[in-house]
Amino acid sequence: MAVTPDAGRWEALYAARTRGDVGDGIAAVLGLLGVPDVISFAGGFPDPVTFPRERISALLGEFAATGEAAAFQYAPTRGLAGALEAFADRIEGQQSRRPADGELVITSGAIEALELVGKSFLDAGDLVVVEGPTYLGAIQAFRSFETALDAVPLDDDGLQVDELERRLDRGLRPKLVYTIPDHQNPAGVTMSAERRSLLVELARTHGFLIVEDVAYRELGFDGQALPSLWSLAPDVVLQAGTTSKTLFPGVRLGWAIAPPDVAARLASAKQTTDQCAGAFGQRVFEEFQRRGWIDEQVARSQALYERKCTRLLAALERSMPDGARWTRPRGGFFSWLTLPGVDTTELAQRAVGQQVGIVPGSLFFPDGRGADSVRLSFSLVDEEQIDEGIERLARLRGLM
Ligand SMILES: Cc1ncc(COP(=O)(O)O)c(C=O)c1O
């Protein structure tokens, strides 16, 4: 028997924290991706050509042949011993500091790490500082705990830490400061070394926890990463990481590193989210890391995304009107385009009419700013369609 939809039926029963726009923003972005024949600069998804299909197939064959059990079984809440070791190896190789046993928790993606941070730290009304603009998923994750969000602006050198300092001096008292220092989502910028040092000093002085999201850190185009905040100050930094952009998102695998007592809180919170990250993905990651396969995949991904980024920047240079500005990423998936005077929510709707997908900038602010900006993602769009997509965007009435 067909179920009769009754949209309002449960309204009075929903938890207060779920009312409003929690969850709707990302759903809207994902919706754009589903429209056929759209040249989409919308979703921050990896290019499927990077997916290691043959190696996964070979690995599954090995699992069958060797009678693998761990991949199919429940895992300890913090993760399988071998996978924890493999994560620690990779993090040490990438960040020149090895997380101690009690500091590391394997999570179901970076988004779960943020959820665990929220469960462990945030009460209704607490204040979280974010970058303006920032990752939409983080805005939604923190908002779901009924927190207040204060967005500190970014520029080409990342979070304006001096502005944060002024606000702290004026009495701002955040529990958490959330930042994406490397190849930021959505702005594509990287925090300078000086600002990294100043930020960790502010955390020590003012007593907040820095939540460092390193989702794009390994996807630098020139192989030169600045020290992670966690490597500079493991006493005041919680790092959230993901294998979504380096391996593939289908395994939903990430990590959190934090001071041991904080990591213990996260592990405890995890017992009632998913109890453990999927053992299957953990075993896949472990084998890929040990065999050097992730390194090979990341090298190919870096080259692919650098080519796409170069093409996007050249297309913007050719097509965008005077006054338009955009960031010049040195890694990651995104450039941030600013079109002074243009309402980009309306532009995004008209762009769909021209079969181009973009995400309006205001989605990436907790306070409605960013109305004249757009996130352009170059990771998933077909390389050969980038020029055409940007030309279509530039041709839209009101832009030229
Ligand atoms: C900055 C940032 N953090 C976290 C995530 C989510 O990562 P995961 O797929 O591991 O949940 C993303 C994905 O788009 C991201 O851009």
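Start by selecting helix α13, residues 386-395: seven of its ten residues are buried, so the rest of the structure largely encloses this helix. Buried here means under 20% relative accessible area, with exposed over 50% and partly exposed in between (1.4 Å probe, protein chains only). Helices are DSSP runs of H or I with at least four residues, strands are runs of E with at least two, and both are numbered from the N terminus.

Before you click on, note that this is a predicted model, where local features need pLDDT of at least 70 and side-chain atom pairs count only at pLDDT 80 or more, while totals for chains, interfaces and linings use all residues. Residues are numbered from 1 along each chain as its sequence is written, and side-chain values use heavy atoms, leaving out hydrogens and water.

Still on α13, color the buried set: Ile386, Asp387, Gly389, Ile390, Arg392, Leu393 and Ala394. Now show what covers them, which includes β1 (39-40), α11 (293-319), β11 (334-338), α12 (344-353), β12 (356-357) and β14 (373-377).

Next stop, strand β8 (residues 237-242). Six of its six residues are buried, so this strand too is largely enclosed by the rest of the structure. Val237, Gln239 and Gly241 are buried on one side, and Leu238, Ala240 and Thr242 on the other. Pick Glu212 and you'll find Gln239 as its bridge partner in β8.

Follow the loop between β8 and β9 to Thr246. Thr246 is buried, at 7% relative accessible area. Leaving aside residues up to four places away in sequence, Thr246 touches Glu218, Ile294, Gln297 and Val298, where contact means heavy atoms within 4.5 Å.

Finally, select the ligand. Which of the 13 residues around the ligand come nearest? They are Ala110, Asp213, Tyr216, Thr242 and Ser244; to be near, a residue needs a heavy atom within 4 Å. Helix α4 (residues 109-121) gives the most to this shell, with three residues. For polar contacts (pairs of N or O atoms within 3.5 Å), try the distance tool: a ligand oxygen is 2.6 Å from a polar backbone atom of Ala110, and a ligand oxygen is 2.5 Å from an N or O atom in the Thr242 side chain. Taken alone the ligand exposes 390 Å², of which the protein buries 91% (Shrake-Rupley areas, 1.4 Å probe).

Note on methods: Pairing = 2+ DSSP bridges. Polar contact = N/O pair within 3.5 Å; in protein donor to acceptor, adjacent residues only side chain to side chain.
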